[in-house]
Structures are given as structure tokens and as C-alpha cells.
Amino acid sequence: QQNVSININDLRTILYLYVRYDDTWDMQRFQKNFTMDIVDLDENCMEFDMVGIDAAIANAFRRILLAEVPTMAVEKVFIYNNTSIIQDEVLAHRLGLIPIKADPRLFEYRNAGEESGEDAGSEIDTIQLQLKVKCSRNPRASKDSSDPQELYLNHMVYSGDMKWMPIGNQADVFADANIGPVHDDILIAQLRPGQELDIIMHCVKGIGKDHAKFSPVATASYRLLPEITLLEPIEGEKAERLKRCFSRGVIHLEELNGKKVAMVVNSRLDTCSREVLRHDDLKNLVKLGRVRDHFIFTVESTGVLPPEVLVTEAIKVLMTKCQRFLNELDNTDME
Amino acid sequence: MAGEGEKKPVLEMVQADGADEGCVTFVLHDEDHTLGNSLRYMVMKNADVEFCGYSITHPSESKINFRIQTRGGIPATEPLRKGLNDLSDVCQHVLNTFQVRFCFRFNSN
């Protein structure tokens, strides 16, 4: 068992050496000690705990969530007409970063090295979107108005203007799922009268390792559960000051025998600012540390897939990686 | 090796001449710390393994050198295979636990 202790200038790992401690992998022991708890879950954001697992594997899940869970994103942009002031490449870059609401599990990867013409994509690996906007003067605007909202029609191009053009049998297969951008209110470009955009986009399946636009999470991160131990009873005015050193809700003052005694109620809420170590009379009464195998994950999805689906997909990706090498080992053994 | 010219290698084994089967460096292509560190952790949990480590040869190339040295003359592919299987089992258990917890929360809402 190892503990991490938080000091004023550094973090020290204190190793407890156990004589005859058996560190061999034991699946039963792992299953007995491993728990998960979903703390908070809403449409796009999830907070859950993983207890009893090692940092190597928890970090692998985090890395996979960021970079190896596939999504669909705009890859090829065919610009037929762009007379706006946004340059072609800047416009194409912005279009690529827009999250596209399409379940990537229902699509295949596109084979690399195909010709870059428009016929390269097929219905199982490509989504076609169209953006066609022309800005014109509003004939009904008043003479002396200066508000662009009133003067011009279609002068703001939003992601909601991107229309899905079904290829092949996509219209039947995806009849219920309306494929398009996740958010309708992402501003892509601004136009003035006479300027227009006429663009066809092809979305393909990719992973975040290739380009960050394919990452399905706004971010995925974890922190270790803080551990605050009071080495001796702290009461009265010191207890009040101790309470102010930590985030709200961490320390609670109990009334015992007429005096206020400090007790650690919820160390999870602490943000580990180490403020208590700056007070000379309090710093030796408290031991700060982190529980080494309790991970508090926060996964925020961009809206493509719900966060619980992302976590299950990430775990499956790691299993697929192991399987790939197991198959390779079996193949080389048979030769 | 005819017809293999176009196939990209996934796993290679590099062995020093004269060494026994227990000391092997595996080259895993298209991998990085994600699999490297977690697999190293699982292989180190094996009592037969004397040495296990991995390194990324160059950050521009996505491949890792994964070295295993065993004691007792056991071929190095065995701890690797066991490590991969154990890691796969861990993932399966995590997946099951997560799905149980999620259904529990979903039903209680």
C-alpha cells in the first residue's frame, strides 16, 4: 500500500514495505476491492468514481476517451463558391471542428488512399452535408437603420444552416436520427449583401489521435480523492481558522462539551490548495495526502454520444487493443 | 514472405543471438503509453517475470519497444499473453461493473 503525502513544496510518496507481501495478480482480490460509483450524470457531463484500480489503467481509459474513441467529423470540403471575407482554408478548418451528431458505430472507416473526387465516398462511410447561404439586402428595412439584423437577410451563417444530403440508402436507415451538427447556433461566418457560400462537405469517421476534431469529449479528466487527517483534536479559535483553510463543506465544527471541535466531513470537496500549510501553528496538526487508488473521473461529451456510452466505448477500445495483439501472437505461433 | 509487402507489421519480436527464449523485445506498432503502461503493469504482476519495461523509441514514430525477461527459462511470449489476457479481463470486469451501476442509477431515477 502506498500513500501520497502533500507537503508545502512537494509531494512525497511514502512506501510501506510489507515483508512477504504478495503483489502477484489476483483476479479475485481485484474484483473484491474494485467498485465504481456514478456520482453525477446529466445529458452531456458525467462524474463517476473508480476505486481499487491502478493509475496505469485509469490513465489508459482517460487517454482513450480523449484520443481513440471514434466520431464523425467534416473532412473534405468542396467549395463551389465562397465570396465571403473568410478565407477558404479558414472556413474549412472551422467546419471541421463542428461536432456532427451521427452515431460513429454505425459507420465504417474510409479506406485511405482513395482518389479525392466526390465519388470516393459511399453510404457506409460518408455523410454528405450542404451549406448554401446567400446574403441579400432587406427590402423592408427602414431608411436610416444601422442594425445589421434589420438591414440584411442571412448575414450570419450558423451551423443550423448545414443540411444533410442522404446518400444511397441513408435516408431509410437513418430516417429517425436527424443527422447534422449537434448545436444549431455555432456561428461559422458573417456575410454582407452579394456574398454567398456554396459548399458540400463529406464527413468521415476518425479518431482524436489523427486530428483533435474527432475527439468525442470536451474534456475527460480524473483526480485522486484528497485525504485530510487531523493528527490531534483541534478546537476553539484554531478550529475556526482551520475550517477557513479548506474549501467549504470539508471541515465541520461540532459542539462537544461546550467547545467547537473540528472534524473532517467531506474531503472530496477539497481543492487541495495547501492553505493550511501556510499557517505555522496549524501545519503540524494536519496531514494532507491523496488516496492512491480512488479516481474521480469527469467526462464531458461534445454531444455526439452520451457520456456513459463514451466510457463503455473507451473500455471496449482497450479490450480490442489487447485482442489484436493476442491474435497476432496466435498467428505467429502457428507459423 | 510473398504477398506480405503491403501489409503493415503489427508485432515484431527482436531477440539477441544466443540468448534464450526468456529475453525478448517486442516491437508493438501503432501503440503508445495507453497500452504500453497498462500492459507493463499487468506483466509486472506476474511472478515469473524478472524484468519488464517499455519505451517509445522516438515520439515521431508510433511504436513501442516492450521488453520482457523471465526467470526459469519460460518463453517470454507466455507472460505477454497472460498480461494481455489479464488486462482484457480487467476491462471486462470494469465494463460489467459500470453497466450494473449505470442500470442501477437509471432505474432508481
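How many residues does the contact take from chain B and from chain A? The contact, defined by heavy atoms within 4.5 Å, takes 37 residues from chain B and 42 residues from chain A. The structure is a predicted model, in which local features need pLDDT of at least 70 and side-chain atom pairs count only at pLDDT 80 or more, whereas totals for chains, interfaces and linings use all residues. Residues are numbered from 1 along each chain as its sequence is written, chains are lettered from A and ligands numbered from 1 in the order in which they are written, and side-chain values use heavy atoms, with hydrogens and water left out.

Between them, chain B and chain A bury about 4,000 Å², 70% of it on carbon and sulfur atoms; buried area is the accessible area (1.4 Å probe) lost by two parts on being put together, summed over both. Of the area that chain B buries against chain A, 17% is supplied by B:T34, B:K45 and B:F98, more than by any other three residues.

Chain B and chain A are joined by 5 salt bridges (a side-chain nitrogen of Lys or Arg within 4 Å of a carboxyl oxygen of Asp or Glu). One of these links A:R324 to B:E31, with the closest N and O atoms 3.3 Å apart. On the side of chain B that touches chain A, at least two residues each come from strand 2 (23–29), helix 1 (33–44) and helix 2 (77–108) of chain B. Helices (H or I, at least four residues) and strands (E, at least two) are DSSP runs, numbered from the N terminus. Helix 2 of chain B gives the largest share of this side, 21 residues.

The structure holds 8 aromatic pairs over all chains, a pair being rings of Phe, Tyr and Trp (its six-membered ring) with centres within 6.5 Å, and planes under 30 degrees apart counting as stacked, over 60 as edge-to-face and the rest as tilted. The rings of A:Y222 and A:F297 are tilted, because their planes stand at 45°, with the centres 5.3 Å apart. A:Y222 belongs to strand 15 (residues 217–230) of chain A and A:F297 to strand 18 of chain A, so the pair ties together parts 75 residues apart in sequence. A:Y222 is partly exposed at 25% relative accessibility, while A:F297 is buried at 0%; buried means under 20% relative accessible area, exposed over 50%, and partly exposed in between (1.4 Å probe, protein chains only). One aromatic cluster is formed by A:F48, A:Y222, A:F295, A:F297 and B:F98.
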